[in-house]
Amino acid sequence: RRPVIMSDCSSAGVEFSDRTPGLCGSRGEAVVASTFGWAVGEFSRAKLGDTRRTRRVIDIATRFAATPCGVVTAAIVAADERQGAYDFMENEKINAEPIAESAYRGTADRCRGLPYVFVPVDGSSLSVADPKLRRGTGPNGSQNHGGRGFQVISALAVAPDGVPLGLIGQEWWSRPEAKATRRPDRRAPETKESRLWGVVMDQGRESMAGTGCKAWFVIDRGGDAGPVLHDAHTDRSWLTVRACYNRRVQGEQGGERQYLWPVVRAEPVVGRYSVEVAERPGRPARTAVMSVRWKEVTLELRDRKRKVWDAMRVWAVYALETSATAAGQEPLEWMLLTTFPVTNFEDACTVLYGYVQRWRIEEFHKAWKSGACNVEDTQLHSARAIHVLAVILAAVAVRLLRMTYLARTTPEVSAAVEFTPAEIDAAAALTRRRKPRKGVTVPLGTVVLWVAEAGGYTGKSSGGPPGFLTLARGLARVRTVVAATESPRSDRRTPEPLRWDQG
């Protein structure tokens, strides 16, 4: 069951003028003129010390959005622009943080008008080749594997209708060369990587400040840590985390020792709902029927010195698959701890629906790392330069996801919110469709289908609606056709004069 607790995503866009441009609401009602317009909305607020640098990052983002990939030479053809991109990213005065903060503010603009957004927070690793140990990488993967790379935790804003809106926080680090202790729970809290979950959540709260939209953080079992729960409770944030530990809870009758799982499992079933389980290798797609229980509990959180923190009151929502599963398949079982007040079955379903949206950040990781943008293919020489490019590609990856889901949820929206007339005509030509007549509004869902078909989408035989993989390939081919029909110099200049304030 999908609870209907959402509002229309009203436009928060600003027409291009001498003010800082913004982007449209999460349903895409505002007019955004092409890939260039998207890049302006994402990165025009970047405070890089010089407006020429800000213009350069907009140009770079425009090229990578038109041709998603992880290699500069594949996205930027003109030699002078390519060298300018290299000079920009290798410039020691350019850091990724102002660029990322500008993208966070662009995401916050899309959140205006919504009561809340789900914010999946999850960690991942970027594997980067570094045989000579000159790129600032750290150990990656198992200690015997010898891999190198970076660790990243990201926070992705997702509208209540499931459309990804953008990143509102991200933290990078390289692991030290020395082996960690075998008992990480014995380390001081300030030395654990789990503290970085709180850092990213703080970034998300800061990004969303002043929007009138509440961030509802959603974390998988890796974030079931005392500091994460304690900070969310202190800040009165909405947080849902999948329980990893059978934590001690206060007994109903004065101090009796009880534990989370047995206490919640003993509650009666309050209702059932169904959830679509996606296909995976060795697991066919299915519709799972889940029984739901919930209970308000008081957790006893302890630090490493066994000192009890203030008792934390949360709601535990327990869902167990009761429908039959295929041989060898384990039923779904979720124990969710949330600070969102649960008073009835619909509230419990809202918590469960929000947890299902956590899968959006898994899709983001795939699109960013290996599916479309291929950030791990970068050949840049320094960790700082890799970080700059990765931030730009992260925004491109979210845009691909956003276009994919907008085409599914609001296919009737005008394609002009994401494509120029030249791109629409190129997509029609590549798929042998009739060129749209001038002045005719073409739906976004139709153009996304054309672009995906240009990227290899074959309809029902592809296993579902168009995804970001075929969309990324199609965009690259569309860009090739557009570039071939443009004048020799038009591809090397900003489409129109642009002015903005750096505030």
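This is a predicted model: local features need pLDDT of at least 70, side-chain atom pairs count only at pLDDT 80 or more; totals for chains, interfaces and linings use all residues.
Biologist: Which strand pairs with strand 10 through seven bridges?
Modeller: Let's start with direction: the two strands in this pair run antiparallel. One spot where they face each other is threonine 287 in strand 10, which stands opposite glutamate 276. The partner joined by seven bridges is strand 9.

Biologist: How many bridges join strand 10 to strand 11?
Modeller: These strands run antiparallel too. You can find a facing pair in tryptophan 294, which stands opposite valine 317 in strand 11. The count of bridges for strand 10 and strand 11 is 10.

Biologist: Why is strand 10 said to be largely enclosed by the rest of the structure?
Modeller: Strand 10 covers residues 286–299, so there are 14 residues to check. A residue is buried when its relative accessible area is under 20%. Strand 10 is largely enclosed because the number of its residues that are buried is 10 of the 14.

Biologist: Is glutamate 321 buried or exposed?
Modeller: You'll find glutamate 321 in strand 11, which spans residues 312–321. Its relative accessibility is 5%, and the cut-off for buried is under 20%. So glutamate 321 counts as buried.

Biologist: Which residue has its backbone nitrogen 2.9 Å from a polar atom of the glutamate 321 side chain?
Modeller: Look at what surrounds glutamate 321 first: leaving out residues up to four places away in sequence, it touches Arg286, Ala288, Val289, Met290, Pro331 and Leu332. Its side chain also makes a polar contact with the side chain of serine 323, at 3.3 Å. The backbone nitrogen at 2.9 Å, though, belongs to leucine 332.

Biologist: Is threonine 339 buried or exposed?
Modeller: Threonine 339 sits in the loop between strand 12 and helix 9. Buried means under 20%, and threonine 339 has a relative accessibility of 14%. That makes threonine 339 buried.

Biologist: The side chain of threonine 339 reaches which backbone nitrogen at 2.8 Å?
Modeller: Setting aside neighbours within four places in sequence, threonine 339 is in contact with Ser237, Trp238, Leu239, Met312 and Trp315. A polar atom of its side chain lies 2.6 Å from the backbone oxygen of serine 237. The backbone nitrogen reached at 2.8 Å is that of leucine 239.

Biologist: Which residues lie nearest the centre of the second largest pocket?
Modeller: This pocket holds about 1,300 Å³ of space. Elements giving two or more residues to its lining include strand 9 (271–277), strand 12 (333–338) and helix 9 (345–356). Out of 39 lining residues, the ones nearest the centre are Val275, Glu276, Val277, Trp334 and Val356.

Notes: Residues are numbered from 1 along each chain as its sequence is written. Side-chain values use heavy atoms; hydrogens and water are left out. On a 1 Å grid over the protein atoms alone, a cavity is a set of points where a 1.4 Å probe fits but cannot get out, and a pocket is an open set with protein on both sides within 12 Å along at least five of seven lines; lining residues have an atom within 4 Å of a point. Grid points are joined across faces, edges and corners, and a volume is the space filled by probe spheres set on the points. Helices (H or I, at least four residues) and strands (E, at least two) are DSSP runs, numbered from the N terminus. Buried means under 20% relative accessible area, exposed over 50%, partly exposed in between (1.4 Å probe, protein chains only). A polar contact is a pair of N or O atoms within 3.5 Å; within protein, one must be able to donate a hydrogen and the other to accept it, and residues adjacent in sequence count only if both atoms are side-chain atoms. Contact means heavy atoms within 4.5 Å. Two strands pair if DSSP finds at least two bridges between them.
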